[in-house]
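Visitor: I have a chain to look over. Please show me the sequence and the model.

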Amino acid sequence: MSKRRKQKKTNTRKVKSTQKLELSPLEKGIACAIPLGQFNARTTQEIADRVGVSIRTTRGVVNRLIIKHKLPICGSKMGKRGLYYPLTDEERSNGIEPLRDEVIEMQTRIKTVSMVNLSESLLVIHNLKEGV
């Protein structure tokens, strides 16, 4: 066989998946706009702009991609901020940590709102609004 016919080996390999995702066009667009790797993270605004939808729609679809379709989408709030697919366990851990912080904050909000005396707080709110 001549040298011309020999094909070069490349470092790219196809990963065979046992899972076939059934995504809507919107889900596919957003899933494809999320980059691989923490240092390539893309903000929700950038993803929304690329796909042509609102940030709110993008967030909803990202939640669906994670929960329904089991895609490991992480978010970074330090360094390069934004969403990404983790390439390593360390990147996954880095993406999970902000979620843990949000859960703690939400639990605190739930506890506070649940325990507030409504009569007293409504009086304070009423006085606040009168002073406006």
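**Burial and helix packing**

Guide: Buried residues make up 23% of the 132 residues in the chain, where buried means under 20% relative accessible area, exposed over 50% and partly exposed in between (1.4 Å probe, protein chains only). This is a predicted model: local features need pLDDT of at least 70, side-chain atom pairs count only at pLDDT 80 or more, and totals for chains, interfaces and linings use all residues. Residues are numbered from 1 along each chain as its sequence is written, and side-chain values use heavy atoms, with hydrogens and water left out.

Visitor: What pattern does the chain follow along the sequence?

Guide: The chain has five helices and two strands. Helices (H or I, at least four residues) and strands (E, at least two) are DSSP runs, numbered from the N terminus. Read along the sequence, the pattern is α-α-α-β-β-α-α.

Visitor: Which residues of H3 meet H1?

Guide: Contact means heavy atoms within 4.5 Å. From H1, the residues are Leu26, Glu27, Ile30 and Ala31. In H3 they meet Thr57, Thr58, Val61, Val62, Arg64 and Leu65.

Visitor: How are H1 and H3 oriented to each other, parallel or perpendicular?

Guide: The axes of H1 (residues 25–33) and H3 (residues 55–67) come within 10 Å and cross at roughly 90°. Axes are lines fitted to C-alpha atoms, for helices over the stretch in contact, and angles run from 0 to 180 degrees between N-to-C directions. Angles under 35 degrees count as roughly parallel, over 145 as roughly antiparallel, 65 to 115 as roughly perpendicular and the rest as oblique. H1 and H3 are therefore roughly perpendicular.

Visitor: Within what arc do the buried residues of H3 fall?

Guide: In H3, Thr58, Val61, Val62 and Leu65 are buried. The arc is taken from the directions from the helix axis to the C-beta atoms. Seen down the axis of H3, the buried residues line one face of the helix, so they fall within an arc of 105°.

Visitor: Which exposed residues sit on the face of H3 turned away from its buried side?

Guide: The buried residues of H3 are covered by elements including H1, helix H2 (44–51) and strand S2 (82–84). The face turned away from the buried side carries Arg56, Arg59 and Ile67.

Visitor: What is the phi of Lys70?

Guide: Lys70 lies in the loop between H3 and strand S1 (74–76). Lys70 is exposed, with a relative accessible area of 62%. Most residues other than glycine have a negative phi. Lys70 is not a glycine, yet its phi is positive, at about 60°.
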